[in-house]
Amino acid sequence: MSAAEAVTEALRELHARFAPLGEGSVAEYIPQLARSDPGAFGLALVSMDGHRYGAGDTTVPFTLQSVSKPFVYALALSLLGLDEVGRWVNAEPSGEAYNAISLEPDTGRPDNAMVNAGAIITTALIPDTSGAPRFERVLDCLSRFAGRELDVDEQVYASEAATGDRNRALAYLIRSTGPLPVDPVAAVDTYFRQCAVRATATDLAAMAATLAHGGVNPLTGEAVVPGPVAAQTLAVMATCGMYDGSGDWLLRVGLPAKSGVSGGLIAVSPARFGLAAYSPRLDPTGTSVRGRAAVGALSEELGLHLMHNPALAGSTVTLIATPDELPTAGAGVPRERVAVVAAQGALDFTAAERVLYALDEARPGGTEPVVLDLTEVTGVDRVAFTMLSGGLGRIAASGARTAVVDRADRLALPGPGEPGGPAVPRGFATRARALAWCTGDGPG
Ligand code: DON
């Protein structure tokens with residue numbers, strides 16, 4: 001057994017545990033879906049490094065149905081922005097079934113983009129031009145999320161188109177309520193086609209993983225949607241993705257998720273992985289019975305609940321040396337003593353706060369020169385960049401020499417020979433050079 005088989009084993013164990021669940025029934029209101037195999041059951045997981053794991057029926061194709069909704073919403077958000085999309089579709093849990101005939105009384109907007117009414121408008125908002133017809137844009141986007149070219153199950157599409165009067169009624173109702181810039185009645189057919197796009201559980205896990213990975217597909221490396229759009233989409237999935245069961249799902253399972261009536265279910269563990277289940281027997285809310293059970297168990301057993309404190313980030317600061325603790329340096333010549341702080345890992349707000357606090361601890365007099373060693377730092381995000389630049393700038397401006405060991409140039413500081421004098425922080429390739437500059441050796 002390979003080492004990574006351990007992950008596959010965990011999925012196999014979940015699969016074996018929940019395969020005996022025989023409750024629920026396959027969706028019948030779309031006649032073609034009634035032909036699905038009620039015994040099919042697959043679980044798939046795709047990590048942020050693009051590692052794929054699965055158990056059971058992970059290669060059986062089925063139609064996305066409502067699992068398409070968050071991805072088309074993400075496409076609309078990336079084309080039009082949250083404010084414009086939000087004018088036409090709200091982001092409030094409806095507390096109603098996915099196919100409810102209901103719009104907000106005051107605005108006429110659907111409650112959210114996860115219920116059918118909101119999904120139809122969302123699809124209608126995707127531009128339809130002769131060079132790039134609406135459905136081509138939708139299919140292309142869904143394919144990029146999956147990391148391979150998806151296609152349409154024409155039989156399921158025809159079956160839904162033949163029986164989809166309730167969704168057409170919703171489209172007419174929406175059109176009757178307000179001055180929409182687009183025609184939902186014309187778009188409802190595209191909505192049927194997007195629901196009939198065919199994918200496997202592994203594809204769904206890759207799509208979920210792309211949302212978990214800030215919009216970048218971990219299999220292809222392609223930025224499918226911008227990071228903020230992925231976050232917005234996950235927020236709506238968390239609050240509305242499971243329809244009238246969304247609150248209970250967030251309470252118990254604690255992951256953004258989306259179900260579809262063909263038996264697909266995706267769940268997203270942000271920055272960890274995308275998860276998908278396929279099993280066509282549904283509960284009364286239209287969610288896969290086994291999928292719900294398996295995702296719920298996995299979340300609990302792996303401690304994935306969003307509101308659960310994530311493991312505290314590993315230590316950031318690896319050295320805080322005050323001048324008193326440091327030896328003098330140089331060929332027997334006592335030098336001015338210098339405080340030294342070293343940090344490691346990826347620096348975000350939390351880590352930057354730790355570094356700034358450590359810089360103060362290392363300089364009890366508030367006047368000591370200081371070296372901040374970032375050699376073991378693997379990344380500095382925008383917030384940490386601003387915080388560290390500001391903090392180091394304040395120390396330097398107070399008159400204390402401030403040196404950063406920053407071979408990767410993460411803080412984009414001037415080197416010691418560049419203009420600016422000693423009142424700005426300086427970047428160095430090694431700690432020895434930084435110390436030498438702080439003690440007065442070298443240009444300054
Ligand atoms: O609009 C419909 O009725 C279907 N094409 C999709 C509904 C769906 O998947 C609801 N989700 N659980």
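**Figure 1. Overall view of the chain and its accessible surface.** The chain exposes about 18700 Å², of which carbon and sulfur atoms supply 54%. Accessible areas come from the Shrake-Rupley method with a 1.4 Å probe, and for residues only the protein chains shown count as cover. The structure is a predicted model, in which local features need pLDDT of at least 70 and side-chain atom pairs count only at pLDDT 80 or more, whereas totals for chains, interfaces and linings use all residues. Residues are numbered from 1 along each chain as its sequence is written, and side-chain values use heavy atoms, with hydrogens and water left out. The chain contains 15 helices and 13 strands; helices (H or I, at least four residues) and strands (E, at least two) are DSSP runs, numbered from the N terminus. Its C-alpha trace spans about 90 × 55 × 35 Å along the principal axes. Of the 444 residues, 52% count as buried, a term that means under 20% relative accessible area, with exposed meaning over 50% and partly exposed the range in between (1.4 Å probe, protein chains only). Among contacts between residues at least 6 apart in sequence, 68% join residues at least 24 apart; contact means heavy atoms within 4.5 Å.

Figure 2. A polar side-chain atom of Y29 lies 2.5 Å from an oxygen atom of the ligand. For N167, a polar side-chain atom is found 2.9 Å from an oxygen atom of the ligand. In the case of Y243, a polar side-chain atom lies 3.0 Å from a nitrogen atom of the ligand. On its own the ligand has 340 Å² of accessible area, and the protein covers 99% of it.

**Figure 3. Close-up of Q65 in its loop.** Q65 is located in the loop between β3 (62-63) and α2 (68-80). Q65 counts as buried because its relative accessibility is 2%. The side chains of Q65 and T63 make a polar contact at 3.0 Å. A polar contact is a pair of N or O atoms within 3.5 Å; within protein, one must be able to donate a hydrogen and the other to accept it, and residues adjacent in sequence count only if both atoms are side-chain atoms. Not counting residues up to four places away in sequence, Q65 touches I30, L33, V156, E160, C195, G260, V261 and S262.

**Figure 4. Close-up of strand β8 and its two partners.** Strand β1 (residues 42-47) pairs with β8 in the antiparallel sense over 6 bridges; two strands pair if DSSP finds at least two bridges between them. In β8, A277 is the bridge partner of L43. Strand β7 (residues 264-269) also runs antiparallel to β8, joined by 6 bridges, and I266 stands opposite A276. β7 and β8 form a hairpin with 3 residues between them, and A271 in the turn has a positive phi of about 65 degrees.

**Figure 5. Close-up of strand β12 beside β11.** In strand β12 (residues 402-405), T402 and V404 point one way and A403 and V405 the other way, and all are buried. Strand β11 (residues 370-380) pairs with β12 in the parallel sense over 4 bridges. Within β12, V405 is the bridge partner of D373.

Figure 6. A434 lies in helix α15 and is buried, with a relative accessible area of 0%. Leaving aside neighbours within four places in sequence, A434 is in contact with V371, A403, V405 and F428. The C-alpha atoms of A434 and E23, 411 residues apart along the chain, are separated by 68 Å. T439 is placed in the segment after α15 (431-438) and is buried, with a relative accessible area of 17%. A polar atom of the T439 side chain lies 3.0 Å from the backbone oxygen of A436.
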